[in-house]
Amino acid sequence: MLGEEWTMMRVPAQAERLHALRGLVREQAIIHGFTPDVVDELVLAVNEACMNVIQHGYRGTAGVLELGVRADVGGIEFRIRDQAPVVSLEDWRPRDLDDLRPGGLGVHFIRQIMDEISYLPPPEGQGNWLSMKKYLPTQENVT
Amino acid sequence: MSGRVKLEGNYAIVCLEGEIDLHSSPVSRKLILGCLQEGKPTLVDLSSVAYIDSSGVASLVEGFQLARQRQLDFGLVGVSPAALNVLKLARLDKVFPIYASVQERMAKSADD
């Protein structure tokens with residue numbers, strides 16, 4: 001499905017698999033030169049997106065989650081594929097941070113951390129294919 | 001993640017260690033809410049937390065809210081840099097009372 005430049009992990013969509021998915025994100029973000037603070041943020045954002053698939057996509061039913069990671073000189077891209085009912089970015093409802101309640105923070109984290117978020121047409125026309133990109137700082141904006 | 005509760009004076013100290021995520025946050029939630037349901041003022045020690053996600057933060061928010069309802073003291077102590085960064089992203093670092101250590105909170109109680 002994805003080319004050789006992608007590092008892939010395919011797991012059952014279960015909470016106990018999040019640890020392994022975070023490990024892949026951390027490893028790839030470090031390899032590609034992100035600073036430790038940004039590495040931590042990328043781990044959090046991808047974790048939250050995978051959590052959304054487990055909790056709100058499959059809603060506790062069995063399913064598969066695929067995480068792909070690809071980096072180039074400009075930054076890093078994560079793609080998360082599932083076979084859950086179709087969602088769109090309009091379905092992502094971050095909560096008002098002044099409204100103190102336990103849920104709804106994940107979407108806020110993802111939007112705050114990532115530079116680009118989009119849903120791609122899934123290759124087999126089913127499920128969802130989320131793309132999230134983070135740019136590496138360019139020489140001009142490094143202070 | 002591992003978690004345990006110790007008692008210091010009338011306070012329950014919930015010590016959480018490791019990674020608090022969707023898989024382990026039900027344990028942290030149970031420990032925190034359990035102490036408050038027993039009527040104990042509660043401090044959550046996050047000094048050994050290497051990672052926390054929104055589900056872990058949600059268990060802290062639930063604790064904070066239950067403590068407020070029951071008029072019990074609630075706070076976080078020794079928050080690790082990793083946990084503090086996530087609380088800052090959620091803008092909760094100004095909402096939760098945060099202390100450097102249990103001793104610091106106890107000293108404040110003595111001043112009250």
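With 10 C-beta neighbours inside 10 Å, Asn10(B) counts as exposed.

**View 1. Asn10(B) in a loop of chain B of the predicted model.** The residue occupies the loop between strand S1 (2-8) and strand S2 (11-20) of chain B. Apart from neighbours within four places in sequence, Asn10(B) makes contact with Lys40(B) and Pro41(B). The C-alpha atom of Thr42(B), a residue 32 positions away along the chain, is separated from that of Asn10(B) by 9.0 Å.

**View 2. The overall fold of chain B.** Chain B contains 4 helices and 5 strands, which follow one another from the N terminus in the order β-β-α-β-α-β-α-β-α. The C-alpha trace spans about 35 × 25 × 25 Å along its principal axes. A compact globule of 112 residues would have a radius of gyration near 13 Å, and the value of 13 Å for chain B agrees with this. Of the 112 residues of chain B, 41% count as buried. When contacts in chain B between residues at least 6 apart in sequence are considered, 67% join residues at least 24 apart.

**View 3. Helices H1 and H2 of chain B.** The axes of H1(B) (residues 25-37) and H2(B) (residues 54-70) come within 9 Å and cross at roughly 10°. The two helices are therefore roughly parallel to each other, since angles under 35 degrees fall in that class. From H1(B), the residues Ser25(B), Ser28(B), Arg29(B), Ile32(B), Leu33(B) and Leu36(B) take part in the contact. Their counterparts in H2(B) are Ser55(B), Gly56(B), Ser59(B), Glu62(B), Gly63(B), Leu66(B), Ala67(B) and Arg70(B). By class, this contact of H1(B) with H2(B) comprises 5 nonpolar, 6 polar and 3 charged residues.

**View 4. The open sheet of chain A.** In chain A, 5 strands form an open sheet in the order S1-S2-S3-S5-S4, with antiparallel pairing. Strand S1 (7-12) and strand S4 (116-119) stand at the edges with a single partner strand each, so one side of each has no neighbour in the sheet. From one strand to the next, the twist averages 15°. Helix H2(A) (residues 36-57) lies across strands S2 (64-72), S3 and S5 of chain A and runs at about 10° to S3(A).

**View 5. Strand pairing within the sheet of chain A.** S1(A) and S2(A) pair in the antiparallel sense over 6 bridges, and Met9(A) has Leu67(A) as its bridge partner in S2(A). S2(A) is joined to S3(A) by 7 bridges, also with antiparallel strands; a hairpin links these two strands through 2 residues. Within this pair, Ala71(A) stands opposite Ile76(A) in S3(A). Between S3(A) (residues 75-82) and S5(A) (residues 128-135), which run antiparallel, there are 8 bridges. Here Phe78(A) stands opposite Met132(A) in S5(A).

**View 6. The contact between chains A and B.** Contact is made between 19 residues of chain A and 18 residues of chain B. On the side of chain A that touches chain B, helices H1 (18-31), H2 and H3 (105-113) of chain A each supply at least two residues. H2(A) gives the most to this side, with 6 residues. The residues of chain A on this side divide into 10 nonpolar, 5 polar and 4 charged.

Notes: Residues numbered from 1 in each chain as written. Chains lettered and ligands numbered in written order. Predicted model: local features only at pLDDT ≥ 70, side-chain atom pairs only at ≥ 80, totals over all residues. Pairing = 2+ DSSP bridges. Axes fitted to C-alpha atoms, helices over the stretch in contact; angles between N-to-C directions. Contact = placed C-beta atoms within 7 Å. Parallel < 35°, antiparallel > 145°, perpendicular 65-115°, else oblique. Nonpolar A, V, L, I, M, F, W, Y, C, P; charged D, E, K, R; others polar. Buried ≥ 20, exposed ≤ 12 C-beta atoms within 10 Å, placed from the backbone. Rg over C-alpha atoms; globule rule 2.2 N^0.38 Å.
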